[in-house]
Amino acid sequence: MRSILYLIFVLTISLVACMDDSETTPQEVVKLYQAYVDQNESDKARQLSTPAEAKRLQELEQMIAADSTASLLYTSFEQINCTAISKDTVECDCVLADQYETYSALFVVVRQDDQWAIDIPRPESVEYENEMEPILDSLREELLEEN
């Protein structure tokens, strides 16, 4: 009788342990998502996305389709630091490297339907906006000088 109780106990503990291991972490979702994006597997990337991010990916896919020079990438994660912003939102600040450069990226990961999903990036996290400001300032100055 003791051996049966022991067996039931071990099986119960094993089952609970397996359930806990099956939850995908935000870091794993970010890495998988990036791998799908690198390989132009937009359908799979959209499955890991919120509806807003899925729409953004679809728009990017249309732009890439128009560019005949688009190629596959391999992105490695040099660093990934995820911070819980709320119970259902995590921001993952990453340093990424591909064949061409090393750069920073911020991924917003939200829990929806008990799964983590990549959300559309916040406008302040888009790096090129900061790079555009000097260009816009220069254009404004030129316009003012002409008038």
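Me: Is T75 buried or exposed?
Reply: This is a predicted model, and in it T75 counts as buried because its relative accessibility is 7%. The cut-off for buried is under 20%.

Me: Where in the chain does T75 sit?
Reply: T75 belongs to the loop between α4 and β1, the latter covering residues 76–86.

Me: And which residues does T75 touch?
Reply: Leaving aside residues up to four places away in sequence, T75 touches Q34, D38, L96, A97, D98 and Y103. With D38 there is also a polar contact of 2.8 Å between the two side chains.

Me: Let me step back. How many helices and strands are there?
Reply: The protein chain has 5 helices and 4 strands. Along the sequence they follow the pattern α-α-α-α-β-β-β-β-α.

Me: How much of the chain is buried?
Reply: Of the 147 residues in the protein chain, 22% are buried.

Me: What span should α2 have, and what does the model give?
Reply: The 13 residues of α2 should span 18 Å at 1.5 Å a residue, and the end C-alpha atoms are 18 Å apart, so the two values agree. After α2 comes N40, which has a positive phi near 60°.

Me: What about E28, which element is it in?
Reply: E28 is also in helix α2. Its relative accessibility is 43%, and therefore E28 counts as partly exposed. The side chain of E28 reaches the backbone nitrogen of T25 at 2.9 Å.

Me: How far apart are E28 and W116?
Reply: In sequence E28 and W116 are 88 residues apart, while in space their C-alpha atoms are 9.4 Å apart.

Me: Now the core. Which residues touch the most other members?
Reply: The largest nonpolar core has 15 residues, and those touching the most other members are V30, Y33, C92, C94, F107, V109 and I118. The elements giving two or more residues to this core are α2, β2 (89–97), β3 (102–112) and β4. The largest share, 4 residues, comes from β2.

Me: What does C92 touch?
Reply: Not counting residues up to four places away in sequence, C92 touches P26, V30, I80, N81, C82, A105, L106, F107 and V109.

Me: How many aromatic pairs does the structure hold?
Reply: The structure holds 1 aromatic pair. Y33 and F107 are both buried.

Me: Back to helices. How long is α4?
Reply: Helix α4 (residues 51–66) has 16 residues and reaches 23 Å from its first C-alpha to its last, close to the 22 Å expected.

Me: Which residues of α4 are buried, and which are exposed on the other side?
Reply: E53, A54 and L57 are buried in α4. Seen down the axis of α4, these buried residues fall within an arc of 100°, so they line one face of the helix. On the other side of α4, the exposed residues are P51, K55, Q62, M63 and A66.

Me: What do the buried ones in α4 pack against?
Reply: The buried residues of α4 pack against α2 (26–38), α3 (42–47) and β4 (115–119).

Me: Last topic: what is the phi of D113?
Reply: D113 has a positive phi of about 55° although it is not a glycine. In general, most residues other than glycine have a negative phi. D113 is in the loop between β3 and β4, and it counts as exposed because its relative accessibility is 73%.

Me: And what about the phi of D114?
Reply: D114 has a positive phi of about 60° and is not a glycine. D114 lies in the loop between β3 and β4 and is exposed, with a relative accessible area of 65%.

Technical notes
Residues numbered from 1 in each chain as written. Predicted model: local features only at pLDDT ≥ 70, side-chain atom pairs only at ≥ 80, totals over all residues. Heavy atoms only, no water. Expected span 1.5 Å × (residues − 1). Buried < 20%, exposed > 50% of the residue type's maximum accessible area, 1.4 Å probe, protein only. Arc of directions from axis to C-beta. Contact = heavy atoms within 4.5 Å. Core = buried A, V, L, I, M, F, W, Y, C linked by side-chain atoms within 4.5 Å. Phe/Tyr/Trp six-rings, centres within 6.5 Å; stacked < 30°, edge-to-face > 60°. Polar contact = N/O pair within 3.5 Å; in protein donor to acceptor, adjacent residues only side chain to side chain.
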